[in-house]
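Work through the following exercises with the sequence and the model side by side, and try each task before reading its solution.

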Amino acid sequence: AKVRVVPNGTDALPVLPPISKAKGPRIMYVGRISLEKGIGLLLDAFELVRDYVPNVELMIVGDWKSTPVSLRRRLQRAAHFGGVKLPGQIPREELGAYYASGDLFLFGSLSETYGNVVAEAMASGLAVAAYRSAAAAEIIADGFSGRSVPPGDEAAFVSAALGLALDGGLRRAIGRRARLDMETRGWPGVVERFEHVLREAASHS
């Protein structure tokens, strides 16, 4: 039997002005804050990047106060001493302003069924580094519209994060290509493709 795959759609976020801009590149994470989401790896990557990139900042958007004690304490220490911002849980209709304030997006989770935030970040024009899993495996063309690395390869993930943080020109070029690519993945286009597949199937029945 002939199989046609229609990709998942992406809900566009409202385009909003950035909440602020950092002195250096701002790394973003948006989503649930827990160990299985790779937050420990995210903090490890940031600590390495900070050794090489002046004024780099990490903003973690989500409900960090409800995390397990050990992770919550690490986040609090990082926020107090190490350039990490914890704005808390933000309503979805306001998230566009946070994405707009970032320069790159790191996503180290391997527990996703899809991972909408990867699509949201790309649609917002951010260069994304993620494991080649779920949404990232489907929508990131490695080196062109983002960086995707083998699942579980922490060294490759950190290296991809550092490369994007160091190279502003590459980061911006990838972000532009990501935004253009995601414009083709909005729900109207997905629905149109699905209808086309249905018509094609009906014509051969």
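Helices here are DSSP runs of H or I with at least four residues, numbered from the N terminus, and their axes are lines fitted to C-alpha atoms over the stretch in contact, with angles running from 0 to 180 degrees between N-to-C directions. The model is predicted, so that local features need pLDDT of at least 70 and side-chain atom pairs count only at pLDDT 80 or more, while totals for chains, interfaces and linings use all residues. Residues are numbered from 1 along each chain as its sequence is written, and side-chain values use heavy atoms, with hydrogens and water left out.

**Exercise 1.** Determine how helix α6 and helix α7 pack, and which residues meet.

Solution. Two packed helices are described by the angle between their axes and the distance between the axes. For α6 (residues 154–166) and α7 (residues 168–183) the angle is about 100 degrees and the axes are 5 Å apart. That makes α6 roughly perpendicular to α7, a class that covers 65 to 115 degrees, whereas angles under 35 count as roughly parallel, over 145 as roughly antiparallel and the rest as oblique. Taking contact as heavy atoms within 4.5 Å, Leu-164, Ala-165 and Leu-166 of α6 meet Gly-168, Leu-170, Arg-171 and Ile-174 of α7. These contact residues divide into five nonpolar, one polar and one charged, where Ala, Val, Leu, Ile, Met, Phe, Trp, Tyr, Cys and Pro count as nonpolar, Asp, Glu, Lys and Arg as charged, and the others, Gly among them, as polar.

**Exercise 2.** Find the helices that hold Glu-47 and Arg-74, and describe the link between the two residues.

Solution. A salt bridge requires a side-chain nitrogen of Lys or Arg within 4 Å of a carboxyl oxygen of Asp or Glu, and by this rule the count comes to nine. One of them joins Glu-47 and Arg-74, at 3.4 Å from N to O. Glu-47 lies in helix α1 (residues 39–52) and Arg-74 in helix α2 (residues 69–81), 27 residues apart.

**Exercise 3.** Is each partner in the salt bridge of Glu-138 and Arg-185 buried or exposed, or in between?

Solution. The N to O distance of this pair is 3.7 Å. With buried meaning under 20% relative accessible area, exposed over 50% and partly exposed in between (1.4 Å probe, protein chains only), Glu-138 is partly exposed at 37%, whereas Arg-185 is buried at 14%.
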